[in-house]
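Colleague: Could you walk me through one part of this model up close? I'd like the ring pairs, and then whatever you can tell me about one of the chain contacts.

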Amino acid sequence: MVKVGVFLCHCGRNISEVVDVPRVAEAVRHLPGVTYVDENKYMCSEPGQAAIRQAITEHGLTRVVVASCSPRMHEITFRRAAAQAGLNPYLVEMANLREHCSWVHADDHEAATLKAIELVKKAVARISYNEPLTPQPIPMTRRALVIGGGIAGIQAALDIAAAGHQVTLVERESTIGGRMAQLDKTFPTLDCSSCILTPKMVEVAQNPNIELLTYSEVESVSGFVGSFEVQIRKRATLVDHVKCTGCGICWEKCPEKVPSEFDLARGKRSSIYIPFPQAVPVKPVVDQVHCRYIKYQEFEASGAEGKKPPQCRICEKLCPPQALAWDQEDEAVTEKFGAIVVATGYDPFDPTVYGEFGYGQYPDVITGLELERLLSASGPTEGHVLRPSDGTPPKTVVFLSCIGSRDEERGKAYCSQICCMYMAKHAIVLKEHDPEVQSYIFYIDNRAVGKGYEEFSRRAQEDAGAVYLRGRVAKVFPQDGKLVVMGEDSLIGRQVEIAADMVVLAAAVVPSRGADEVARMLNISYDSDHFLVEAHPKLRPVETHTDGVFLAGACVSPCDVPQSVSRGSAAAAKTLALLSKETLVGEPTTAVVDALRCSGCQLCLEVCPFNAISTQVVAGRTVASVNEGLCKGCGLCSAVCRPAAIGVKGSTHKQLLAEVASLWT
Amino acid sequence: MVEEVRDKARELLSAGTVECVIGYERATDGITARPLFAYSPEEADRFILDRTCVHNLARYLLDRKGKPTAVVVKPCDSRTINLLVHENQIERDKVFAIGVTCPGVVEAHWGETTEGLQSRCGSCPLEVPVVYDHLITVPGERQPRTGFPELEKLEAMSPQERLEFWQQQFQRCIRCYACRQVCPGCYCPICFVDQLDPMWVGIKIAPPENQVWHLIRAFHLAGRCIECGECQRVCPVNIPLMLLNQKLTAEVEGMFDFRPGLDAETLPPFATFRKEELEAER
Amino acid sequence: MQSVIPTSGFRVEVERESGEVISRCYQCGKCTAGCPAAFAMDGGPRWLLRAVQLGMRSEALDSTTIWMCLFCSACHARCPAGIDIPRVLETVRHISLKERRPPASKEVALFHRIFLGQVAGLGRVHELGLGGTYNLRSGHPLANIGLVPRMLARRKLPLLPYRKKVRWFKRLLSEEKKSGD
Amino acid sequence: MTKQVAYFPGCALEGSAREYDVSTRRVFAALGVELLEVPDWVCCGASSTHGRGQEVALALPAHALRAASQMGLPLMSPCAMCYSRFKLASLELAHPEARARTEAALGQDIGELPSVLHPLQVLDEIAPQATVPLDIKVASYYGCLLVRPPAAGFDDQENPTIMDRIVAGWGAQPVSWAFKTECCGAGMALARPDMVARLSRRVLEQARQAGAEVVVVACPMCQANLDLYTGEKDTPVLYITQLIGLALGLSPRELMLGRHLINPLPLLRAKGLVNHG
Amino acid sequence: MDMNGGPRIVGFLCNWCSYAGADMAGTSRMSYPPNIRIIRVPCSGRVDPLLVVKSFQQGADGVLVAGCHPGDCHYTEGNYYARRRFALLRPLLDFVGIEQERLRLEWVSASEGRKFSRAVASFQEELERLGPRGHRG
């Protein structure tokens, strides 16, 4: 038999000047189960709480109803008070006599009092069905996974490692560094990009807390915060990276040269290669599409007639430590992690949709990222900017902004944020490379929001003499060996034609290929542009709707290097807050299945937003089973369950039904 | 065509393809039909097939989970198979469906059958079963679609009139639950109405309780009722239960363009949603 | 320089008649940039859209921009907001005509008037007649005159027109004119 | 197979562009496509109905669409302007209210809207059967109305290829160039010859720089503007049907090649595309 | 009818938006008729049709289910399921003589105190118009 104590709060006069509290006390005193009733001017005050604690111990109360303000205000307060007196906090209920009664029925004291009585009755009826709940401790695997080895992922990994936790960094390419590694210089300080990035990359390789898995991809994720089971596929490099010393003979001597992805096909690489000199790890991989020996083997296997391709194997012959491992195969590893940071980064928008600019048609129309490679000392032209068409240095360079950005028709509606600044950077750097270069920048709105950015773009105009023209370009066409750019300067309202040697397109920033697949694996959502979605755009910009999964860098929205770094650190901070715990205490208000009632129709599996329900076989029958780690207690399953086999703790059928049944009786 | 049923049954049983063939045989009143569970080729001779074969035999598949079984299914009954496969109650490959085309069935009660077809046949969208492993074509003109005439009649009434209509119906209910026992969609181990903790429906057999039972029963079949009409057929006090089901069938089709049991893949209305929908119906 | 007092009435009027949402234009200028007729216009399409956005009614209605449009639709095809700009220009031209404002380009207005007159009167357009009438009425009797003999020499200009009155179209034209008042 | 279409020549093809009309009829006859001329057709209204309200703009095209609908055939006009008017009108007339108002204006029901075709779309479907090798560099000039506005166009707006595909199919060498869809000045020839001259010259200059020996067009206005408002020594401008006619072995007279101001015959002789005087 | 007059309303309010919205109505003293009894649920999608039917059996004249606006559900999609469920329950109730106006689904965010109090008031008027259940007068 439950012993319910009812505690009525006057809330100063907030409640008592409208509700006749003593009358309420009288009315509820004899309700079934009620063994103690008390009033207090301020239930939430320390004396008020003390009164509750005392009553629990002295009168052996097994249930507590506090009739005061909104539970959203003080539920925690009173639960804590009960817990201090040794009562399970989930045996406390509240009747909302203030927000839902005295404050909204001030004009009718009688009605308010009657309603107050019913609200307390309702709470009393409900509470006899409350059960003591204890939060399930979720064991925390104190290791983190970072997906993506760009600057954001690198920063996150380093910060987590610095706090003394194990972290695995998975990168799809054969080196970390990401987009930043492709850049020549960074705005607004014009630091050499690799000069500031390389040390961090090396640190990743050397930090004992960091396990670096390059040339690897996440294949599947199961489990939940505290214990994610992640399967990672390490693609075969055909090189034994333990033996390999990275001496470089193989990639120097390899005869099969192919366009370099890293140089965006503006340069060449070998078929056994590292993408760029500062790559980390400095260990080559064999490009299995182009390698001559692989081709030879395929030819042999196919049993085709005709002339055999050369065996080659020069790399193997020359490799001092004999590190070539032709029979190496992909390897799938499964590891457990407590938290996951997603830093999948971005790709440049493909400008070929704009026929009017002739990208891909006229060799001297290139993208901003391609220009970075031409400017880079380690790039295909060793830092000498030359026209792809004839190898001459361009003197007149025209920049086109918003290629794919701010275009709902053929591109993306959003602003890509970094273009305005890197166009300014390019203008400045080009001038440094060759004082004769004249840059023209077609912009729509020069967006220089950021520390030192406005000053920087002034510098492009004042020092580097870049001419800014406000307007979008309509067409680029070749004439007399030049590229004629047709635009408008909307400030003067006249058409502008410039005969350029080179045209640079500021291609929009789009989420990197495969980011949406990663999102699906992690059960996090992505928007119509496939950027990953934060738990709250303002107050939870790093978290996602899946506990323990955090976002960093440009996978959320376009952002520049400093933003990527801070997003990386922010994600690390969130991760560390989790890893600092031995166990997590989740809310105990999760769903539970009554296997005897479950019909196994599996409708609940369909409606659960958190994939928290799976099936198990109980006594030969396949029935639903809830993963408490994933369950958020929304109760969607409960509402669709015909035999009422799934209930939500703290919002059970019995509790709700008792509330309904208590009304107007 | 009766022979065709018998031949198929013999073949399946003697080949051991299935352990049991569920079909119809003549009832002892010599007029109506009753289910026959044939386990040996010999029994196959007793199968019949005519317009008195009203029962939805597919419902019995629920009692033979995992056991290879053949069953004679009319178009309406065949939807049961899709429903139960979708709801993970039976495995398709354990079922051999002997589909029969259907010109409609008559009202059949012990010792008597009507000339005219059952009213629900008028709203039946099908002539050929939606699933079958072997198809038998039954000759005979199919009566023209009548839609849901009784339904429209009731919808034309005022809420007050409807209330009275249903109160009269519900107060006759003796809560024998025959409607549930015969329903292919009612297979919960413990039906909510039988649950005592919490007690959803009062034990008292009175209109208010009866109404809760019938409303929730109907709602539990929303987007699931395959319109076999068995509930109404077996009701000992002749409550027109199909009206409730037909109402929801019509609403579901109108709102979600969905009719249950036509395939085993499409998600039923309560298993999914579209972000842009229904703001008017709220 | 006269100051502008921004108002929305005109924009709404044009949006209603054209069915185009002009507030979607954020003045990127790609339309004017690629407009083949811009050199012959006072403001150009971007300017015209801006004028509509700001409610500069008379400037818009009296601009040459609405008359010089060649309806090549290059602007429409490239507009990042998907605005059918020629339709907007056409709409403004229509309003201007309905209000009987002196067209900013007499030549173009005259040409179209004669053209439609021929359609109504002959059913088809007779180029020689069209050119002749135009030259007489436009006050440039010698415009294109150099071409005529060369074209005649190559029998490019049949002397006699096809004749078949199109009464319903005549009626339609006059009704449409009246609708202006 | 004989295919039938409702044929709408348009005013220009009765006058300055008769060679387009004639060459079209001859070529399609040779290719087994029967052109049934729309009876008593009326001008499409061209660009002159712009700014005269929807009724006026729709009425004239609707008249032609109705005629074709009565013939139960797709409506084909070689004139890019007519084609564009018809296509756009048929799209607008899909809206009931627009249709109702237009039918009221016409005083007749339009009937089921026919599909609207341009000869290029038909030629693209037909396998070339060249008898004379067209060893000649061609700049395909599309102008505006075949690709724009987006709703009416039937190929890429910035770099269409259908005509290049066709001429290549008939053995000529299409050059790639940037002014395929730049405007020639359209209907401004009388009112603003200066504009037409400026735009047309630029187009021809681009074609020349791209290495074209002839420019092919599929629109009487384009042809007239490029041909009349440039210099007689400029690159000749032929109709696509004239070029295909040559490949089919038709004579200059049959194709009325003598009517162009920029005389193509010297070049064509030099190229061996026309043997006799 | 309730002892202090007026139709009886049971309100199932989701904890995250609508219950907070009702609190907001209180905090900003936006009064509304006193005959509503609010039951707090985690999500509008938690509301089982049984609870609605039981409420009517219990003598409620109207049932209000309130949740977060579409797209704002704390559990991302609960309210979409609720919307479908009650869109079907309403015609069924109507069919057996419980006018569908008696079951309302409202979207009320945590900041929409005014919307909540107005919703209750207008629901009350609607129910008064309909009269007591079963016997309209």
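How many aromatic pairs does the count come to over all chains?

Modeller: Keep in mind that this is a predicted model, with local features needing pLDDT of at least 70 and side-chain atom pairs 80 or more, while totals for chains, interfaces and linings use all residues. Residues run from 1 along each chain as written, chains are lettered from A and ligands numbered from 1 in written order, and side-chain values use heavy atoms, without hydrogens or water.

The count comes to 30 aromatic pairs over all chains (Phe, Tyr or Trp rings, six-membered ring for Trp, with centres within 6.5 Å; stacked under 30 degrees, edge-to-face over 60, tilted otherwise). Take B:W166 and E:F95: their ring centres sit 5.8 Å apart with 55° between the planes, a tilted pair. This pair crosses between chains, with B:W166 in helix 4 (residues 159-172) of chain B and E:F95 in helix 3 (residues 78-95) of chain E (DSSP runs numbered from the N terminus: helices H or I of at least four residues, strands E of at least two). B:W166 and E:F95 are both buried (under 20% relative accessible area; exposed is over 50%, partly exposed in between, with a 1.4 Å probe and protein chains only). Ring pairs also join B:F165 and B:F170 to B:W166 and E:F95 in a cluster.

Over in chain D, the rings of D:Y141 and D:W177 have centres 6.2 Å apart and planes at 50°, so they make a tilted pair. D:Y141 belongs to strand 5 (residues 137-141), whereas D:W177 is in the loop between strand 6 (173-174) and helix 8 (193-209), so the pair ties together parts of chain D that are 36 residues apart in sequence. D:Y141 has 0% relative accessibility and counts as buried, and D:W177, at 6%, counts as buried too.

Now for the chain contact. Chain C brings 52 residues to it and chain D 57 residues (heavy atoms within 4.5 Å). About 4,900 Å² is buried between chain C and chain D, with 62% of it on carbon and sulfur atoms (accessible area lost on being put together, 1.4 Å probe, summed over both parts). In chain C, the residues losing the most area to chain D are C:R124, C:K156 and C:W168, together 15% of what that side buries. The rule also finds 5 salt bridges across this interface (Lys or Arg side-chain nitrogen within 4 Å of an Asp or Glu carboxyl oxygen). D:E158 forms a salt bridge with C:R78, with the closest N and O atoms 2.7 Å apart. Among the elements giving two or more residues to the chain C side are helix 6 (74-78), helix 8 (106-122) and helix 11 (167-178).

Conventions: Buried area is the accessible area (1.4 Å probe) that two parts lose on being put together, summed over both.
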